[in-house]
Structure formats: C-alpha cells, structure tokens
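Reader: Could you take me through one part of this model at close range? I would like to see how a single spot ties in with its surroundings.

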Amino acid sequence: MNTEKIKVRTENGQTMEVVVLSKRASGIEIVLGEGIHNVKCTLTPTRNGLAYAGSVMGRELVYQRSREQVQADIDILNPALRKSRPR
C-alpha cells in the first residue's frame, strides 16, 4: 500500500515530512512520528483558503496549498469519486 506523504512547515520555519491518514478539501488528517510515539493532527483550511493549519503539542503546522489545489490532487488520485452515480 502506498502511503502519501506531504511536507508541512513548523512555526520556526523548518519543514518536515508527515504521513497522510485522510485527505479531504475540508481537512487533512496527518500523523507525525512512527510507532508508539506517533501523534495525530488535523489540518483545517485557513480563513482565506490559501493554506491548511493545525497544532500539535502546542506547535503550529502549516501546509502551503490552497483548497482548490488539494481538491485537484484528490480528483487526480481517484477520478471515480467525481463521477455521479445513477439513482
């Protein structure tokens, strides 16, 4: 199984690669760390919609992609989700 990884920026300017649990335009769930020392975090869109932000253990994380870019990534990965089904 392929695990998707994204790069997030911390509040002091460092970048780190984290594993994505689920990705939606309304929020991205990520995991920091590995094994029993992992921590989950939810990144939500900012007010202007140009980035995703969340905090874990008092530190802020920012993913520098807009809602439209994330939705386009989701559509590319699974185009069957966009097709309507007959009712």
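Author: Happy to! Let's start with Lys 23, which counts as buried at 15% relative accessibility (buried means under 20% relative accessible area, exposed over 50%, and partly exposed in between, with a 1.4 Å probe and protein chains only). Please keep in mind that this is a predicted model, where local features need pLDDT of at least 70, side-chain atom pairs count only at pLDDT 80 or more, and totals for chains, interfaces and linings use all residues. Residues are numbered from 1 along each chain as its sequence is written, and side-chain values use heavy atoms, leaving out hydrogens and water.

What does the side chain of Lys 23 meet in a salt bridge? Its partner is the side chain of Glu 4, at 2.7 Å from N to O (a salt bridge is a side-chain nitrogen of Lys or Arg within 4 Å of a carboxyl oxygen of Asp or Glu). Glu 4 lies in the segment before strand 1 and Lys 23 in strand 2, so the pair ties together parts that are 19 residues apart in sequence. (Strands, E, at least two residues, and helices, H or I, at least four, are DSSP runs numbered from the N terminus.) Glu 4, at 28% relative accessibility, counts as partly exposed.

Now look across to strand 3, where Ile 28 stands opposite Lys 23. Strand 2 and strand 3 pair in the antiparallel sense over five bridges (two strands pair if DSSP finds at least two bridges between them), and they form a hairpin with two residues between them. Another salt bridge joins the side chains of Arg 24 and Glu 29, at 4.0 Å from N to O. Arg 24 is partly exposed, with a relative accessible area of 37%, and Glu 29 is partly exposed at 30%.

Strand 3 itself is mostly covered, with five of its six residues buried. Ile 28 is among the residues with the most contacts inside the largest nonpolar core, which has 15 residues (such a core is a set of buried Ala, Val, Leu, Ile, Met, Phe, Trp, Tyr and Cys residues joined through side-chain atoms within 4.5 Å). Strand 3 gives the most to this core, with three residues.

Tyr 63 brings these pieces together: leaving aside neighbours within four places in sequence, its contacts include Lys 23, Ile 28, Leu 43 and Val 70 (contact means heavy atoms within 4.5 Å).
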